[in-house]
Amino acid sequence: VPGTALEFDGVNDYVDVPNAIGLIPTTELTVEVWAHLDDVGRDQKLVGKATPGIGGFVLGVDSDGRLYPEIWDSFGTVKSFQQGTIASNTWTHLAVTWTSGGKMIGYVNGVQVGSIDASILPIGVAPGPLLIGIAPWNATSFPADGLLDEVRFWTVARTAQQIRESMHVTLTGFETGLAGYWQFNEGSDTTTADSSGNGHTGTLHGMHPIDNWVD
């Protein structure tokens with residue numbers, strides 16, 4: 001996908017998207033991101049809106065370079081797995097989907113790498129913001145180290161075919177279920193627009209308004 005990406009320093013860089021009703025999933029969810037991580041030998045949280053033990057979701061990478069999504073149901077019970085292989089210094093597409101009463105499925109480059117039974121309950125409500133590049137429950141924990149791009153948040157569970165067919169394509173912003181879409185194409189600024197048209201503007205923290213935007 002053409003355009004710029006955002007560089008995260010692995011220390012204190014992150015993007016804050018304020019809490020909003022449109023960013024609260026219920027029984028279905030898809031989260032996608034392109035990541036080019038400098039070192040996959042560390043636990044990193046890439047996209048999430050979660051309060052552990054309460055509710056929410058986070059898509060991350062564990063210290064063994066595996067996809068590590070976590071989703072908490074409305075009872076506060078977490079579902080997670082650590083599967084797949086992610087290489088350092090390589091652009092990789094990561095995704096997780098959830099259907100209450102169905103499956104929680106993880107994808108690396110459009111290929112399924114993990115699948116477990118999802119809770120029969122809806123996803124629990126996390127009251128905080130959606131954070132990109134750091135743990136959503138603590139903006140000092142598990143920072144991302146590298147480049148992130150094309151962050152997509154859906155309130156529907158996308159199919160494997162849909163993920164594969166769209167991961168290399170710029171979306172129109174009008175796709176069914178697309179609730180948040182951050183392309184990071186500004187090239188310079190302290191905010192980043194939501195290309196879904198839903199107005200979920202993100203604010204950059206710890207980042208330079210020019211130097212952190214990378215072609």
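Modeller: Keep in mind that this is a predicted model. Let's begin with the cavity lining: the residues around the largest cavity divide into six nonpolar, two polar and one charged.

Biologist: Which residues line the largest cavity?

Modeller: Leu23, Ile24, Pro25, Lys49, Gly56, Phe57, Gly124, Val125 and Ala126 line it.

Biologist: And what volume does the largest cavity have?

Modeller: About 40 Å³. A search of the whole structure turns up one cavity of 30 Å³ or more.

Biologist: OK, on to the sheet. In what order do the strands of the open sheet come?

Modeller: Eight strands make up that open sheet, and the order is S7-S6-S5-S4-S11-S2-S15-S14, with antiparallel pairing. At the edges sit strand S7 (78–80) and strand S14 (191–192), each of which pairs on one side only.

Biologist: How many bridges are there between S2 and S11?

Modeller: Three; S2 covers residues 14–17, S11 covers residues 130–132, and the two are antiparallel. In that pair, Val17 stands opposite Leu130 of S11.

Biologist: Now S9. Which way do S8 and S9 run, parallel or antiparallel?

Modeller: Antiparallel, with five bridges joining them. Ala95 is opposite Tyr107 in S9. The two strands form a hairpin with three residues between them, where Gly101 has a positive phi near 80 degrees.

Biologist: What about S9 and S10, how many bridges there?

Modeller: Six, again antiparallel, between S9 (residues 103–108) and S10 (residues 111–117). Met104 faces Ile116 of S10, and Val108 stands opposite Val111 of S10. This is a hairpin too, with two residues between the strands.

Biologist: Is S9 mostly covered or mostly open?

Modeller: Mostly covered: five of its six residues are buried.

Biologist: What about Glu150, buried or exposed?

Modeller: Buried, because its relative accessibility is 1% and the cut-off is under 20%. Glu150 is in strand S12 (residues 145–154), and it also has a positive phi, near 50 degrees, in a residue other than glycine.

Biologist: Let's talk about the core. Which residues touch the most other members of the largest nonpolar core?

Modeller: Leu46, Leu94, Ile132, Leu148 and Trp182, out of 39 residues in that core. Strand S3 (residues 28–37) gives the largest share of it, five residues. As a general point, nonpolar side chains tend to be buried together in soluble globular proteins.

Biologist: Pick Leu94 then. What does Leu94 touch?

Modeller: Leaving out residues up to four places away in sequence, its partners include Val31, Val33 and Ala35. Leu46, Leu59, Val61, Leu67 and Ile86 are among them too, along with Tyr107 and Val108. There is also a Glu in the set, Glu32.

Biologist: Different spot. Where does Phe81 lie?

Modeller: Phe81 is in the loop between S7 and strand S8 (92–99).

Biologist: Why does Phe81 count as buried?

Modeller: Because its relative accessible area is 7%, and buried means under 20%.

Biologist: Which residues is Phe81 in contact with?

Modeller: Beyond its neighbours within four places in sequence, Phe81 contacts Leu67, Tyr68 and Pro69, then Met104, Ile105 and Gly106, and also Gly114, Ser115 and Ile116.

Biologist: Last one, Gly22. Where is the place of Gly22?

Modeller: In the loop between S2 and S3. Gly22 counts as partly exposed because its relative accessibility is 33%.

Biologist: And what is Gly22 in contact with?

Modeller: Phe153, Thr155, Ala179 and His200, once its neighbours within four places in sequence are set aside. Val47 is 25 residues from Gly22 along the chain, and the C-alpha atoms of the two are separated by 16 Å.

Note on methods: Residues numbered from 1 in each chain as written. Predicted model: local features only at pLDDT ≥ 70, side-chain atom pairs only at ≥ 80, totals over all residues. Heavy atoms only, no water. 1 Å grid on protein atoms, 1.4 Å probe; cavity = no way out; pocket = protein on both sides within 12 Å on 5 of 7 lines; lining within 4 Å. Points joined across faces, edges and corners; volume = space filled by probe spheres on them. Nonpolar A, V, L, I, M, F, W, Y, C, P; charged D, E, K, R; others polar. Pairing = 2+ DSSP bridges. Helix = DSSP H or I, 4+ residues; strand = E, 2+ residues; numbered from the N terminus. Core = buried A, V, L, I, M, F, W, Y, C linked by side-chain atoms within 4.5 Å. Buried < 20%, exposed > 50% of the residue type's maximum accessible area, 1.4 Å probe, protein only. Contact = heavy atoms within 4.5 Å.
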